Amino acid sequence: MEKELLVNLKKVQKNIKKSAEKAGRESEKIKLLAVTKNQNLKDIKKLRRTGFNSFGENRVQELNKKNKKLNDSNLNVNWNFIGHLQTNKVKYLMRMENCKMIQSLDSLRLAKEINKRAKKNKREMKVLVQINIAGDENKFGINPDDAGSFLHKINSFDNLNIKGLMTVLPYLDNSKKIRNYFKEMKDLFDKLSAEVVNLDELSMGMTNDYKIAVEEGATIVRVGRAIFGEREY
Ligand SMILES: *Cc1c(COP(=O)(O)O)cnc(C)c1O
């Protein structure tokens with residue numbers, strides 16, 4: 001099992017490199033986030049023990065639980081929060097020094113709360129603004145047409161460090177459509193970066209589509225199943 005996990009990790013890293021080269025991009029600039037939702041702790045520990053230290057979770061309670069157990073094993077893990085965040089749960093994330101970034105900033109109300117709690121904890125929180133690029137009713141995120149004014153508004157928040165954009169696509173069985181949405185994200189990223197605020201990170205691509213995402217300009221890919229295997233429920 002341990003071996004398989006490492007084989008999986010290497011395979012994903014190799015694919016990222018290949019896709020980057022195909023697109024003429026530097027692969028060193030592309031970061032891999034291992035998504036641990038519904039994955040067992042044993043595998044997370046194994047992965048961490050290899051030195052890998054970039055993990056993502058989408059629920060606060062689950063993140064707290066895993067983090068405590070990892071700390072008990074003397075494993076300090078760097079987390080990115082990637083799921084829809086309720087304002088009443090922001091305080092828990094802000095107390096976690098090792099929660100390094102919130103990738104799923106999707107409302108002004110949430111931005112205000114993160115800013116307030118970050119200030120209280122004397123820290124700056126790195127955030128990505130989640131964009132609902134496909135206009136999917138079932139997905140969270142800012143409408144791409146509103147992204148400029150949204151960034152303008154939160155740019156003055158002292159304890160927010162706006163690092164970039166993130167998107168989650170709906171399930172699509174069509175790689176051309178997937179690629180088009182990623183292209184739209186990259187265009188939006190470049191436009192906002194030039195016109196509103198400098199952005200470094202573009203988080204897009206999961207197990208099914210991270211290779212396309214890398215070809216189209218992702219700087220962070222969020223991969224769960226291709227590393228850990230199918231989720232356990
Ligand atoms: C679950 C999840 C992922 C990873 O999905 P896989 O299909 O397991 O790679 C990435 N991003 C978000 C926001 C997720 O919720």
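Asn74 is exposed, at a relative accessible area of 72%. Exposed means over 50%, buried under 20%, and partly exposed in between, with a 1.4 Å probe and protein chains only. This is a predicted model, where local features need pLDDT of at least 70, side-chain atom pairs count only at pLDDT 80 or more, and totals for chains, interfaces and linings use all residues. Numbering starts from 1 along each chain as its sequence is written, and side-chain values use heavy atoms, without hydrogens or water.

Back to Asn74. It sits in the loop between helix 3 (60–72) and strand 3 (79–81). Helices (H or I, at least four residues) and strands (E, at least two) are DSSP runs, numbered from the N terminus. The phi of Asn74 is near 60 degrees, a positive value in a residue other than glycine.

Now Lys122. Its phi is positive too, near 50 degrees, and again the residue is not glycine. Look for Lys122 in the loop between helix 5 (108–120) and strand 5 (125–130). Is Lys122 buried or exposed? Exposed, with a relative accessible area of 77%.

Next, Val60. This residue belongs to helix 3. Val60 is buried, with a relative accessible area of 9%. What does Val60 touch, not counting residues up to four places away in sequence? Phe81, Leu85, Lys89, Tyr92 and Leu93. Contact here means heavy atoms within 4.5 Å. Take Leu93: 33 residues separate Val60 and Leu93 in sequence, yet they are 7.2 Å apart in space, C-alpha to C-alpha.

Last stop: Lys18, which lies in helix 1.
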